[in-house]
Amino acid sequence: MSFANILGHSRNIARLKALAASGRVPPALLFAGVEGTGKFLVAKEFAKALNCLHKPAEEPAAEENLFAAPSKPAPHPSSLIPSARGGPAGLFGGHPSDDACDKCVSCLQIESGAHPDVRIIDAAFQGFLLDEDARKQKTLKIDTVREFTRYVYRKNLFSPWKVFIINDAHTLNLNAQNAMLKLLEEPPPNNIFILIAAKKNSLLPTIISRSYALDFKELGAAEVEELLERAGLPLDEASRLSELSGGSVKKAGDIKRVRDRLASVAVSGPAGIFKLVSSLPKEPYLAREEAKIMLDMLILSARKKWLTEGRGQNAPRFAALIKKLLGLRKFLNQNVSHGLVLEAALLESENLSVSLR
Ligand SMILES: [Zn+2]
């Protein structure tokens, strides 16, 4: 895969390609936007483009060509943020690429997660460090930041840039963010930190202000549909899921997983609803996540019905249901029984024939 195979985000990709080609890259980048739109894939492609061993053909150096237009990175509000000191040219030689070749050792190693200079910091990394289930890692902790900081101060092993992709950076707790901030205040040369955050506001303003921020918008339904088809789903299922996805491939995948599981469970009537709630996973954190997905499914389904059927006299009833469901959805982030919340949501929805099917 290279940038060319990523659907959507063309403006952000153009900016990243310009940065990669210039060889002057800000030490911290922030990719913000809802989950499941491809931010991680874009970050990985950027790391590949920066470290790709396949260099474009040599061109005359700018100072030798007095008539050449000066090459500039793409204009961006964060352009006052200083670029990483040094840069790869001269260290490892050659002109920087603006995209990955996908064939060289560096590209292949990054793709497989085995590149020694490109590290992914996420729940799985922390779970491995703590010898705990990755799914239980709700926040990224200071020890995790300290652990990868050891690599920040080591020499590059193989490539011009060391790249640290911090996935779900919005889950960094306050201590971890302060440790991260120290790194960003005096970043060692040739290190790049890409913070991927679904909730930008969970980050300290001082981290945001030191980062070159790119906002990632939701994908279009057609783009989600194409990505689901590429993943092997039949066209009709891809089409149905994309309509409910809200522009997020992750959400489409979550909905598919829950729908598949519910295929054999009755979901109507008080008895069916009780049975469904009892069928949630035994582990509380998994049950809560699944209840959230089901609430999202009900909200999306209610919105769809409101758009198609609710224009008439039922409009206020659909609007009231959506408002109620959004209120119940908030409870799932608090210490309230997820079973009771889900039960209430399903009963309210059933009155207007809004269901999980
Ligand atoms: Zn390559």
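Where is the place of D102? I looked this up first, and found D102 in the loop between α2 (39-51) and α3 (105-112), where helices (H or I, at least four residues) and strands (E, at least two) are DSSP runs, numbered from the N terminus.

Before going on, I noted that this is a predicted model, in which local features need pLDDT of at least 70 and side-chain atom pairs count only at pLDDT 80 or more, while totals for chains, interfaces and linings use all residues. Residues are numbered from 1 along each chain as its sequence is written, and side-chain values use heavy atoms, with hydrogens and water left out.

**Backbone angles**

I found that D102 has a positive phi of about 70 degrees, although D102 is not a glycine. D102 is partly exposed because its relative accessible area is 22%, given that buried means under 20% relative accessible area, exposed over 50%, and partly exposed in between (1.4 Å probe, protein chains only). I also noted S353, a residue other than glycine, with a positive phi near 55 degrees. S353 belongs to the segment after α14 (338-350), and with a relative accessible area of 53% it is exposed.

**Cysteines**

I then looked for disulfides, taking a pair of cysteine sulfur atoms within 2.5 Å as the rule, and the count came to zero.

**Aromatic rings**

How many aromatic pairs does a search of the whole structure find? I recorded three, using the rule that rings of Phe, Tyr and Trp (its six-membered ring) pair if their centres lie within 6.5 Å, with planes under 30 degrees apart counted as stacked, over 60 as edge-to-face and the rest as tilted. One of the pairs is F31 with F216, which is tilted, at 5.0 Å centre to centre and 40 degrees between the planes. This pair links distant parts of the chain, since F31 is in strand β1 (residues 28-32) and F216 is in the loop between β5 (212-215) and α8, 185 residues apart. F31 is buried at a relative accessible area of 0%, and F216 is buried at 4%.

I next noted F164 and F193, whose ring centres are 5.5 Å apart and whose planes stand at 20 degrees, so this pair is stacked. Because F164 lies in strand β3 and F193 in strand β4 (residues 191-197), the pair ties together parts that are 29 residues apart in sequence. Both F164 and F193 are buried, and together with F148 they form one aromatic cluster.

**Exposed residues**

L157 lies in the loop between α5 (142-152) and β3 (162-166), and is exposed with a relative accessible area of 66%. A222 has its place in helix α8 (residues 221-230), and counts as exposed at 59% relative accessibility. I also noted that the C-alpha atoms of A222 and E243, 21 residues apart along the chain, are separated by 8.8 Å.
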